[in-house]
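Hi,

Here is the structure we talked about. Have a look, then read on for what turned up in it.

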Amino acid sequence: MNVFESSATQLNIPEDMLVKLEQLAKQAGAAILRVYGKPALSVTQKLDDSPVTEADIASHNVIIQGLEQHFAQYPILSEESAKISWQQRRQWQTYWLIDPLDGTKEFIKRNGEFTVNIALIHQGKPVVGVVFAPVLNKCYSGIVGQGAWLSQVTDIGEKRTALSLKHRQINAQPIVVGSRSHMSPDVANYVASIGEHSMQSVGSSLKFCMVAEGLADVYPRLGPTSEWDTGAAQAVLESAGGQVLIYPQLEPLIYNQQDSVLNPYFIAASPAWFQHTDTAINH
């Protein structure tokens, strides 16, 4: 049992929590789609120059209200209410970490590649995660140590599939997934070192989910991200048996740090990827 599994076990997380979180993410997704369907979008810039829309705020309000109603025992850190001091956060052993609309740039472009992210963090580790893509109607969820699932609406109804990377092998020509909006020189160098491969670009936390679903082998993020960008999707990936490791140290990615809510560089991949690159890590 690795440190992430033991953290989830300590909390004794019931599966009905995951069901409620999935419902909440879908309600937030519906609020986003009401804005998405408007002829024109109102976009403003935050202090860090990142865009925010009416949909970000609408989703935030739905999630906050739902978490406070059902799971008020844990504090909440959201991208849209991130000004919480370290003096306060340092007391948190367990808290909700949410990104009401991950991939706002993709939302503005109307390409459908945006998600609602809800994570539960315990002692610096993501232990529960839900990632819902409203336009794609795909909901990824997981409890570390218990399993990961993909729920998707099809022509014959909703289909729920268990996700597991335990026995998955790397593709003969590795599939690398990267950001549609951010391709750093460091990522380009990393990808070049892989050798022959195929590259797929997608927005938001869907990159983690593609790895969890077995649609990609590795997601190298050698550029800036914030904790709310990654927490939920990391929980999904690790619930499916994958790993997210700081690069190049290959150590676990830890949350609720004192200095910043920004993450270091990391690699998200199936276990076979790290074995293939001779960097297998047992936590």
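First, a bit of wording: two strands pair if DSSP finds at least two bridges between them. Helices (H or I, at least four residues) and strands (E, at least two) are DSSP runs, numbered from the N terminus. This is a predicted model, where local features need pLDDT of at least 70, side-chain atom pairs count only at pLDDT 80 or more, and totals for chains, interfaces and linings use all residues. Residues are numbered from 1 along each chain as its sequence is written, and side-chain values use heavy atoms, with hydrogens and water left out.

Now the sheet. It is open and mixed, with 7 strands in the order β3-β4-β5-β6-β7-β8-β9. β3 (76-78) and β9 (157-163) are the edges; each has a single partner strand, so one side of each has no neighbour in the sheet. β3 runs parallel to β4 (residues 94-102), with 3 bridges between them, and I76 has W96 in β4 as its bridge partner.

On to the salt bridges (a side-chain nitrogen of Lys or Arg within 4 Å of a carboxyl oxygen of Asp or Glu). The whole structure has 5. One of them joins E22 and R160, with the closest N and O atoms 3.0 Å apart. E22 sits in helix α2 (residues 15-36) and R160 in strand β9, 138 residues apart. For accessibility, buried means under 20% relative accessible area, exposed over 50%, and partly exposed in between (1.4 Å probe, protein chains only). E22 is buried at 7%, while R160 is partly exposed at 44%.

Cheers
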